[in-house]
Amino acid sequence: MKNQEIPYKTYLTEQELPTAWYNLRADMKTKPAPLLNPGTGKPLTAQELTPIFCEELVRQELDNDTAFFPIPDEIRDFYKMYRPSPLVRAYCLEKVLDTPAKIYYKFEGNNTSGSHKLNSAIAQAYYAKQQGLKGVTTETGAGQWGTALSMACAYLGLDLKVFMVKVSYEQKPFRREVMRTYGASVTPSPSMETEVGRRILAEFPGTTGSLGCAISEAVEVAVKNPGYRYVLGSVLNQVLLHQSVIGLEAKAAFEKIGVKPDVIIGCAGGGSNLGGLIAPFMGEKLRGEADYRIIAVEPASCPSFTRGVFAYDFCDTGMICPLAKMYTLGSSFIPSANHAGGLRFHGMSTILSQLYHDGLMEARAVEQTAVFQAAEQFARCEGILPAPESSHAIRAAIDEALRCKETGEEKTILFGLTGTGYFDLTAYQQFNDGLMTDTIPTDEDLARSIAALPKVSVE
């Protein structure tokens, strides 16, 4: 297809919506290390995980070999309310940058939750409902996951208890109110409602919280209340599985217009959107069918990939969750409250951690003022106000396009636009008023939290 014939937006039809999620682990030569029981140091069994997670989600979490999981019809019908999402050619951004690069983005903000998180929220809520549960508990950082899960639970008639990172609870009141509008209860974390919350507050008085803190509280409440299970919006294998619908659609849309990306970029916090976007492309790379340059972009204030260590660590600050082998800054690490976006988790998906460790993808950390500069430039020419999280990927995509301008290379760049930033206007206000600064942890800060990593002896 000639360049001028490529549309601004490429949509698949409802009939072309993926019928199965793709499990990237099936094609990984080195599988992600198993979750460990912190008490025994041995791999967790399905029996040990079912008091925390839904039974079907446990099966998905532990399956390293099944390549495709059929998407239930009820979930697929829900997807049809906002999927397939468009693959957009950023013609206006290309023109402003005066670059020979061709820039595309997969836009996941075209639903009320405003982000990609709904793809896994409806799946996890569906399996909870199928199991006959009363409700679920969860944590949320910037609020996209909590918003998406509140929508899914309202749709299926499930109760939802959300522990929201305290700094986001205070900075993003409107996203909090969307959750409450959909029927969820929302508690700032750490709180006095749980044993682990009280313990964290005693150890870190005045703390603004972290995802690790909120996870601990949500798990405690789920385990102590019959009829509830815990669900998570990122990091876990099951979440990346559900999010593969993003990459499957993107790949199919590229094939529809006869284009193939050279560089694929996604923001990285826990790994859900990045893992979902790259899944089928990485699968091709692992099978030796194609090659792509894949870049994970994380905040310099929470640099798990670029400054963390590849080791077993707790997934939560309260140290009550399983141990995962991942790139981590230490479960006691709490990002600066000055960091405006999500991407506040101390670790990274075990799948992505293994891929990065094996040299199959790159990572870079960017400062938030540079991120918001990119967000503003994108908004002014493409007409979408991007979420701060997505804007990390925009920053890297712009940098890659400018590099193409210097070298004359005509690379095709794909990045994930994971959501919109209309609930993040407090951060945009800080940037526009010149009050936003960059807070980057020192080597000493990271050394303290990394030194506290659990000592794990794996048989």
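Colleague: In what sense does helix 5 pass helix 6, in a left-handed or a right-handed crossing?

Modeller: In this predicted model, helix 5 passes helix 6 in a right-handed crossing. A crossing is given that name if the near helix is turned clockwise from the far one by less than a right angle.

Colleague: What makes helix 5 oblique to helix 6?

Modeller: The axes of helix 5 (residues 118-130) and helix 6 (residues 144-156) cross at roughly 40° and come within 8 Å. That angle makes helix 5 oblique to helix 6, because angles under 35 degrees count as roughly parallel and those from 65 to 115 as roughly perpendicular.

Colleague: Why are helix 11 and helix 12 called oblique to each other?

Modeller: Helix 11 (residues 237-257) and helix 12 (residues 272-286) pack at an angle of about 55°, with their axes 6 Å apart. Because roughly parallel requires an angle under 35 degrees and roughly perpendicular one of 65 to 115, the two helices are oblique to each other. Helix 11 passes helix 12 in a right-handed crossing. Residues of this contact include Val239, Leu240 and Phe254 of helix 11 and Gly275, Gly276 and Phe281 of helix 12. The contact divides into ten nonpolar, six polar and two charged residues.

Colleague: How do you know that Thr418 is buried, and where is its place?

Modeller: Thr418 lies in the loop between strand 15 (412-417) and helix 17 (425-432). Its relative accessibility is 7%, and the cut-off for buried is under 20%, so Thr418 counts as buried. Not counting residues up to four places away in sequence, Thr418 touches Glu108, Gly109, Gly114, Ser115, His116, Cys267, Asn273 and Ser390.

Colleague: What joins the side chains of Thr418 and Ser390?

Modeller: A polar contact of 2.5 Å joins them; the limit for such a pair of N or O atoms is within 3.5 Å.

Notes: Residues numbered from 1 in each chain as written. Predicted model: local features only at pLDDT ≥ 70, side-chain atom pairs only at ≥ 80, totals over all residues. Heavy atoms only, no water. Axes fitted to C-alpha atoms, helices over the stretch in contact; angles between N-to-C directions. Helix = DSSP H or I, 4+ residues; strand = E, 2+ residues; numbered from the N terminus. Parallel < 35°, antiparallel > 145°, perpendicular 65-115°, else oblique. Buried < 20%, exposed > 50% of the residue type's maximum accessible area, 1.4 Å probe, protein only. Polar contact = N/O pair within 3.5 Å; in protein donor to acceptor, adjacent residues only side chain to side chain. Contact = heavy atoms within 4.5 Å. Nonpolar A, V, L, I, M, F, W, Y, C, P; charged D, E, K, R; others polar.
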